[in-house]
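Here is a short report on the fold of one protein. It starts with the sheet and then turns to the chain as a whole.

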Amino acid sequence: MAAQRQYEELARQLSAIGAVKRGLGRGLPHDCPGGSAAVLILLDRHGAMRMSRLAELLAVDTSVTSRHVAHVAEKEWIVRDPDPADKRSRILRLTPGGKAKVEELSELSIRTLTHYLHDWTDDEVVQLSTLLARLRDSFGDCRAASARLPHDVHTHDVRTTSETTRTPA
């Protein structure tokens with residue numbers, strides 16, 4: 001297990017990830033802010049879904065999700081079809097224009113990462129991707145109630161806390 005000072009440094013580095021996210025966000029087209037891009041990417045990755053599922057995947061309130069969905073629907077990047085299982089609900093689906101926007105976003109992300117990581121080796125990029133995936137997996141589904149930290153985490157040394165709960169994302 002890592003030493004306390006290593007966790008402190010990791011916490012500092014993770015807090016700086018906001019600068020990386022802002023840098024990636026600057027590469028987004030003006031008509032597709034980050035929240036809208038996230039909606040499109042999740043629909044592309046997971047397929048058609050209800051708004052409630054999208055809100056879970058975004059880890060935000062349904063009202064926030066609704067604003068993002070309204071924007072991408074206005075741009076005609078998605079459609080909101082009636083749910084055959086429950087006519088009161090809607091199923092969100094990408095349109096061909098939405099798929100084209102996802103491809104544009106992917107190309108922009110690759111160009112942005114290529115710009116900032118131009119001096120990284122392929123092995124370093126693979127290592128970072130692998131470690132970030134492992135980090136995400138270690139946290140599991142942070143939205144689940146069972147994923148909360150143990151109640152006494154603030155009173156125990158981090159090195160002695162062995163209980164973790166993981167829920168697949």
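## Sheet and overall fold

Three strands form an open sheet in the order β1-β3-β2, with antiparallel pairing. β1 (49–50) and β2 (78–83) are at the edges with a single partner strand each, so one side of each has no neighbour in the sheet. Strands pair here if DSSP finds at least two bridges between them. This is a predicted model: local features need pLDDT of at least 70, side-chain atom pairs count only at pLDDT 80 or more, and totals for chains, interfaces and linings use all residues. Residues are numbered from 1 along each chain as its sequence is written, and side-chain values use heavy atoms, without hydrogens and water.

Strand β3 covers residues 86–94 and runs antiparallel to β1, joined to it by two bridges. Arg 50 stands opposite Ile 91 in β3.

Helix α3 (residues 34–46) lies across β1, β2 and β3. Its direction is at about 95 degrees to β3. Such angles run from 0 to 180 degrees between N-to-C directions, with axes fitted to C-alpha atoms, for helices over the stretch in contact (heavy atoms within 4.5 Å).

The protein has seven helices and three strands. Both are DSSP runs, numbered from the N terminus: helices are H or I with at least four residues, strands E with at least two. From the N terminus, the order is α-α-α-β-α-α-β-β-α-α.

| Whole-protein item | Value |
|---|---|
| Buried (under 20% relative accessible area, 1.4 Å probe, protein chains only) | 23% of 169 residues |
| Accessible surface (Shrake-Rupley method, 1.4 Å probe) | about 12000 Å² |

Among contacts between residues at least 6 apart in sequence, 52% join residues at least 24 apart.

How values were computed:
Buried < 20%, exposed > 50% of the residue type's maximum accessible area, 1.4 Å probe, protein only.
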